Amino acid sequence: MRISRRTFAAAAAAVVLLPLSACGSGGDDGSDDASGKVQGDITFQTWNLKANFKDYFEGVVAEFEKKYPGTHVKWIDQPAEGYADKISADAGGGTLPDVVNVSPDLVAPLAKAGLALDLDKAAGQYKKEYLDGAWASHQVPGLGGTYAFPWYLNTGPLFYNKSLFTKAGLDGNKPPKTYAELFTDALQMADRTDGKVATLANVPTVEDFGRYGVELMNKEGTAFTFNDAKGVELLTKYKELYDAKALDPQALTATPESSGKKFLTGAVAMNPGSALDLDNFKKNAPNLYKNIGITDQITSTGHVNMYVMGVMVNAQTRKKPAAIAFAHFVTDAAHQMSFAKKVAIFPSTAGSLDDPFFTRQDGTDVTRVRVAAAQSLKSAVNYTPVLFSEQMKTALRNEVAKALQGRQSPQDALDNAVKQCDTLLKQQG
């Protein structure tokens, strides 16, 4: 997939429940797990990676084939646009590759249809090699098991303007860490600046509800539950921020670009970002750059949000040992570290984030952000439910907007959002 923090969460959600007819390469080896002989031809599909990483993946394939004589990996790469539709069509037509690059929301319908191999059963010996939160990210509510090897991770720290905090009578070296601290500081910021400086520029998303400690779904995966008392409490607090102009008045229609501009001009005190943003500040807003602070995402659970990509094994491949071995090979610690040094992503393997590459400062902006993000990822969680589609995100956003505008109560807004999301959930099958 495109290597961009913001696009990690943008996987399409229209993958329908798929028929149990897909199969991989021919030639049954008779094995249902990773214990058989690693041999035969398999296909490996990635998501818009060939243009920039052709040499890397060809090298990985060559290494694997050398390690396991008698294997052959056919690497195919699909464009970003329409990737979910392509997977759906291949699954329905019986041409789903043996090993597939997926995001959690793409693996969910495949797992429900019996097309994603349960790695807890087939390759559970590898679980200890990965971060707990990363391994759990491809689990599907209502189903036992884990349905993809975790691959590369990403997250984003928060930038904050130290000078704006200081001018508001706050400690510029002690940014808020929890939502309770955030709400207190934001109201003070708005009060001291007569509403001219907002602390935030975005409305709460499902990730915010997760980081606040709200239970988002029932354990069976049959209904959403973010309209509970804690969810209503969070939205009520955001309503208070909105009324006090501690939440930017244009937050209801904000985009990452518009929020970034607000932060650049000093109209907003905190904003998520990346090393590319730091370079922009240095060139176009030197005063901001001098006063920039980097902190973790706001969370009341002690765990930040992560975005994660995975590598799934087709449950109906006839070369399970080879497919499992290759999926593990691509995502093992050595290859994840190698890939992370080529692009701004993070490995999901246990211990990798302790490498000096992720811990040692060298004075550059890229490293400042990388070290800050890597530290938070060690215990990060993918809060977005794997069954939470783009349509559901839109429904939640629309109802949140109504609550902030005072058109309905926070309780009614979340009740309506849950009702719409549950309806969409039933339509998924």
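Q: What makes strand 1 and strand 3 a pair, and in which sense do they run?
A: Two strands pair if DSSP finds at least two bridges between them. Strand 1 (residues 40-47) and strand 3 (residues 99-102) have 2 bridges, so they count as paired, in the parallel sense. Within this pairing, glutamine 45 sits opposite valine 100. Strands here are DSSP runs of E, at least two residues long, and helices are runs of H or I, at least four long, all numbered from the N terminus. This is a predicted model, where local features need pLDDT of at least 70 and side-chain atom pairs need 80 or more, while totals for chains, interfaces and linings use all residues. Residues count from 1 along each chain as its sequence is written, and side-chain values use heavy atoms, without hydrogens or water.

Q: Why do strand 2 and strand 4 stand at the edges?
A: The open sheet has 5 strands in the order 2-1-3-8-4, with mixed pairing. Strand 2 (71-78) and strand 4 (149-154) each have a single partner strand, so one side of each lacks a neighbour in the sheet.

Q: Which residues does phenylalanine 326 touch?
A: Contact means heavy atoms within 4.5 Å. Leaving out residues up to four places away in sequence, Phe326 touches Ile42, Phe44, Val60, Val61, Phe64, Val73 and Val99.

Q: What makes a set of residues a nonpolar core?
A: Its members are buried Ala, Val, Leu, Ile, Met, Phe, Trp, Tyr and Cys residues, joined through side-chain atoms within 4.5 Å; buried means under 20% relative accessible area (1.4 Å probe, protein chains only). In the largest one, with 127 residues, Phe226 and Phe326 touch the most other members. Helix 13 (residues 320-331) gives the largest share, 8 residues.

How values were computed: Buried < 20%, exposed > 50% of the residue type's maximum accessible area, 1.4 Å probe, protein only.
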